[in-house]
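This report describes one protein chain for a reader who has not seen it before. The sequence and the structure come first.

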Amino acid sequence: MKGLSDRDTAIIMILLVGVMIALPYMWYIKDTKLDTENLIAETETLKARYDYLQAMNLHRQEFVARTEELNKERDAIVASYPADILQENYTQFLLETELNHDVTTAVLNEETREVTWDEPSQMLFIDTVSYGTNDEIVITEEDGTETPYSSILNQSSITFKGYYAGMKKLIAYFIDQDACGIPMCYPNFTAEYDEETGVVTGAFIISQFAIRNAEDPDRKLPDVVIRPDLDQYNLRGNLYEYGTNGIDGINGIFGPIVYETEISEEGLKAIQQATGEVAVAEGGAGEGEAAPAEGGEAAPAAQ
């Protein structure tokens with residue numbers, strides 16, 4: 001074959017140069033076209049979002065007002081529950097229930113710790129208390145997002161002894177949470193009536209509820225006010241294996257009044273002035289110390 005002429009070689013070289021120039025240009029056009037299409041699609045999406053936000057913005061104040069309203073409702077719900085559940089508060093609540101005049105017509109003498117009843121038929125005592133453990137669960141949004149709030153549930157049981165009138169008052173008091181001041185319910189209740197004595201014995205399972213806010217560490221239960229004062233009457237750690245006051249030896253949440261071991265010197269003087277009698281033998285308890293119990297053993301010291 002003949003070799004390529006100079007003219008043919010020149011034409012081929014021109015075509016090669018043209019291809020080398022045209023191919024990158026064509027690729028650029030293709031890429032640019034794709035980018036343009038993507039920008040158009042994104043613009044349409046953003047425009048739809050913009051139109052939606054514009055429509056929402058017309059109702060901005062409504063949303064802000066409703067959000068504030070819902071936040072207030074949430075805060076009111078949280079505030080209606082205690083910040084925690086503690087044994088000392090629960091115990092004091094049970095004691096106050098025994099002494100609540102609307103429930104038992106009990107009258108407590110603050111000096112002697114002696115209790116009398118305007119209506120003995122409403123006499124009622126908490127016999128035993130079983131403290132349950134607190135179960136804490138984080139509260140979540142509908143979509144599963146955790147909130148700073150946790151719900152606390154405690155289920156404890158008590159047994160009681162009293163008369164029919166006192167039992168009815170106790171049930172009504174427990175049901176009325178505004179009166180008793182504690183959000184709780186009673187999943188179980190039993191009672192048994194003794195026809196010979198007229199005494200009712202029974203038991204409650206008490207479910208208590210609280211809400212803790214992890215973002216508000218200052219939200220705590222206030223220190224419980226122990227009444228009667230445990231130190232004034234040397235009540236810490238005392239064991240009650242004696243006493244016949246109350247109903248069939250049941251003496252309530254803090255046990256019986258045993259003058260020889262529990263009453264301070266100030267309390268003893270108050271008893272002596274009220275009765276004109278010597279409450280304890282010479283050498284009895286001084287203020288802040290326990291006198292020997294029956295049998296010569298000292299009462300447990302304050303813990």
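A nonpolar core is a set of buried Ala, Val, Leu, Ile, Met, Phe, Trp, Tyr and Cys residues joined through side-chain atoms within 4.5 Å; buried means under 20% relative accessible area, exposed over 50%, and partly exposed in between (1.4 Å probe, protein chains only). The model is predicted: local features need pLDDT of at least 70 and side-chain atom pairs pLDDT 80 or more, while totals for chains, interfaces and linings use all residues. Residues are numbered from 1 along each chain as its sequence is written, and side-chain values use heavy atoms, without hydrogens and water.

The largest nonpolar core has 18 residues, of which Phe93, Ile158 and Phe174 touch the most other members.

Helix 5 gives the most, with four residues. Another core, of seven residues, lies apart and includes Leu99 and Trp117.

Strand 7 spans residues 199-213 and contains isoleucine 211. Isoleucine 211 is buried, with a relative accessible area of 10%. Its C-alpha atom is separated by 6.0 Å from that of tyrosine 81, 130 residues apart along the chain.

The mean pLDDT (the predictor's confidence in each residue, from 0 to 100) of the chain is 75.

Conventions
Helices (H or I, at least four residues) and strands (E, at least two) are DSSP runs, numbered from the N terminus.
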